[in-house]
Each structure stands twice: as structure tokens, then as C-alpha cells.
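Let's look at this protein model together, one question at a time. Have the sequence and the 3D view open as you read.

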Amino acid sequence: MSKLFVASEVFHGAGSLSELKNLSGKKAIIVTGGQSMKRSGTLDRALSYLNEAGLETAVFDGVEEDPSSETSLKGAAVMRDFEPDWIVGLGGCSAIDAAKMMWVFYEYPDADFEAMTKPFTVPTLRQRAKFVAIPSTSGTGTETTGLAVITDREKGVKYPIVSYELTPDIAIVDGEICASMPAHITSNTGLDALTHCVEAYVSNIEDNYADVLAKGGLEIVFQNLEEAVNNPGNIKARQNMHDASFMGGLAFNNAWLGIVHSLSHQVGALYGIPHGAANAIFLPNVIRYNQTATNRYPDLAKIVGRTSAEELAQEIEKLRASVNNIGSLKAFGISREDWEKNLDFISKNALEDPCTGFNPRKPTLQDLKDLYNASFEGNIYQN
């Protein structure tokens, strides 16, 4: 028997932000990032809707990219003073992931962060508050997942915190919120959504629901990402990409991910490479690596008019180039000396990443080093 994990309520479509006015409660705190939600007017509209619902409101802003455990603790302290019964994560995945961890530390001030890096160890939530996730980027699907990625800056490591307790109570998937998203972020996050669809479909957990969502999400990305990048005001393309992101998130929330994410987490933490860009570099080579262990890639290749795993990898490389994304790690300015100095460290961390356990092929440390080196140069991985 299987169970489908999804946000309890999902509102999607242009203008669905207005659903906030239907919340019932006393207090709500919005957790957001820098100034983009303020500049676009989205933050003020969200506050207006919450006030219309009769809720007293507060805002915790300034969540950084790749949010840290320190930021999570700081936000939780604000929540303990304000005592909200609704927490609203508004913005990119960093804001929503940070809000999830603030939620944990709000309800459990003495929770052990290191202990929670082990999958499914987050304590039972909803003792003090419920959670609303409103994404402004179309990539991570965090609005429907039991996942938050938090960075330990001292160690230079990203930790995926995995627990279905973190799955939001309400997801609002409103494409209008993405209209001001810059082209490079649209590209990065869209390729992240694509990676979720591919990895969920070939993971070692087979789930009919996840399969359909992954295949559908992949098709929508190929049909809409270029348009969303090149014509940012096309709300239909924006909403389609937002829906694809949600579908990919829902797929991997039930089937999980693989070593594309294990590899990406490390270079993101150490070198600051945007997550979607890193995924897009690794994904074609991981397909080439995994194809000896699964026969599922041709299913996805057929969606884009091809027949084989290699052709799927090539189509992804073409899409990556068409939306102006980078094809090698060294193009981010990493020197060969610095790369070789850290290769053992990041390879070991990737091997121990929770996502590695769901990959269709069990990698060795040397396998991951080989994938890293091929992707560093932008070369095709040879099995």
C-alpha cells in the first residue's frame, strides 16, 4: 500500500493569491526574502488579503539565498514573540524553505538541527501553527513537498531536511506572481523543475501517481520554458511553468530524487552555483550514467519525440542552451586547482546525501568523482 503526500489544499491559477482572505485564525506571519515581493506589490496584496480575513499580521523579511540554520532560529524567535497560528512562506524556495524550518523551531525551540538531517526525524508539527506556501519561482515545488534545504555555512554543506511533516497545509500556485521574475532565474528554476520530473520518474520508488505527474510536468516544461524566458509577460506560459513546477514537486515528494541533486547540493554550498543551473549541468550526464540500471528514460524521450536515453540527454542539453544556461561547472570561474582540492570532499558528501539512496543505480565514490570531472569540463560522461 502507498500513500499520496500532497498539500492539503491547492489553489492554482492567475489571481489565486486572493485565497488568503479565506483563512480563519488570529495571527499570520509572512516569511519572505529580499525586496522582490515588496517591489512587485505581492507582499502588500498578501497582507491586504490577510487583513481582510481578520488576521493580525507580521513580516519576517530578508531571508538570504541558501538559507542557514541561523536564519531559521532567528525567525523562530520572532514567531515565539508574535505567536502566529498561520505561517506564510512567500517568495522563492529559499524563503519557503526557511519558513518551514522556522516553523519547526517555533514549535520545538530545543529541536536538534543535526539530528533532523536524518530523513523523517522532524517532530510532529501543527501544534501551534499551520503553513501556507506561495512560490514566486517555478522550479523547486517546495509548496507541496516535505523538503527544506538548509545550508551550514561553517561546514560549506547543504542539508536536505526530509519529512512529510514539512508538507504545507495550503499551496497557492499563482502564475501572476512570477511575471517579474528575471530571465536567468526563470531559466534556472525551470530546468530545476525539469530535473525533478526526470529524477522522480526513474527513482527506485515506483509510484503510478508520481509517474503521471512527472511525465506531464516534463512535457509542460519543454512546451513552455523558452516562451517564459523570452516573453516574461506571457501569463499563460508563466502559469504553465508554475503548474509544471508543482507537478514535479508532487512527483518527487512521493518518489524522491537521485544523484543529480546529491551532486548539485555540494557545488551549490561550496561554490554558490545556482541550484537549477547545477542540476541542468549534471542531468544529461547522470542520465548517461544511470541508463545501464533503468529502462525508463525512453518513456521520457518519447514525450520529446525521441526514443533513447542518449537522445533524451541531448534534448535536455539543447533546451539548456536555448534558455541561455551554462554547460560546465568551470564556466562559473572555478579554477582547476581549487576543484581538485575539494573533489574528495564534495564527492564524499554527495555519496552521503539522502537523495543518493533513491537513485536507480547505486554509485561508488569513484563514480561520483567521474561524473563531477566530466561535468566540470562540460564533457560527455562515458560509462
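This is a predicted model: local features need pLDDT of at least 70, side-chain atom pairs count only at pLDDT 80 or more; totals for chains, interfaces and linings use all residues.

Me: How many helices and strands does the chain have?
Reply: Helices (H or I, at least four residues) and strands (E, at least two) are DSSP runs, numbered from the N terminus. Counted that way, the chain has 8 strands and 14 helices.

Me: What is the radius of gyration of the chain, and what would a compact globule have?
Reply: The radius of gyration is taken over C-alpha atoms, and the globule rule is 2.2 Å times the number of residues to the power 0.38. For 383 residues, that rule puts a compact globule near 21 Å. The chain agrees with this, as its own value is 20 Å.

Me: What percentage of the residues count as buried?
Reply: Let's set the scale: buried means under 20% relative accessible area, exposed over 50%, and partly exposed in between (1.4 Å probe, protein chains only). Among the 383 residues of the chain, the buried share is 58%.

Me: What share of the contacts with a separation of 6 or more comes from residues 24 or more positions apart?
Reply: A contact means heavy atoms within 4.5 Å. Among contacts in the chain with a separation of 6 or more, residues 24 or more positions apart account for 79%.

Me: How many positive and negative side chains are there, and how far apart are the centres of the two sets?
Reply: Lys and Arg count as positive, Asp and Glu as negative, while His and the chain ends are not counted. Each charge is placed at NZ of Lys, CZ of Arg, CG of Asp or CD of Glu. The chain has 33 positive and 48 negative side chains, and the distance between the two centres is 1 Å.

Me: How many salt bridges are there?
Reply: Side chains of opposite charge can pair when their charged atoms come close. The rule used here asks for a side-chain nitrogen of Lys or Arg within 4 Å of a carboxyl oxygen of Asp or Glu. By this rule, the number of salt bridges is 15.

Me: Which residue meets E377 in a salt bridge?
Reply: The N to O distance in this bridge is 2.4 Å, and the partner of E377 is R336. E377 lies in helix α14 (residues 365-377) and R336 in helix α13 (residues 336-352), so the bridge ties together parts 41 residues apart in sequence.

Me: Why are K341 and D338 separated by about one helical turn?
Reply: The two form a salt bridge, with closest N and O atoms 3.4 Å apart. K341 is exposed at 62%, while D338 is partly exposed at 22%. They sit about one turn apart because both lie in helix α13 at a spacing of 3 residues.

Me: Where is A228, and which residues is it in contact with beyond four places in sequence?
Reply: A228 lies in helix α7 (residues 208-230) and is buried, with a relative accessible area of 1%. The C-alpha atoms of A228 and R238, 10 residues apart along the chain, are separated by 5.8 Å. Leaving aside neighbours within four places, the contacts of A228 are T186, A237, R238 and M241.

Me: Is S347 buried or exposed?
Reply: S347 lies in helix α13. Leaving aside neighbours within four places in sequence, S347 is in contact with L365, L368, K369 and Y372. With a relative accessible area of 0%, S347 is buried.

Technical notes:
Residues are numbered from 1 along each chain as its sequence is written. Side-chain values use heavy atoms; hydrogens and water are left out.
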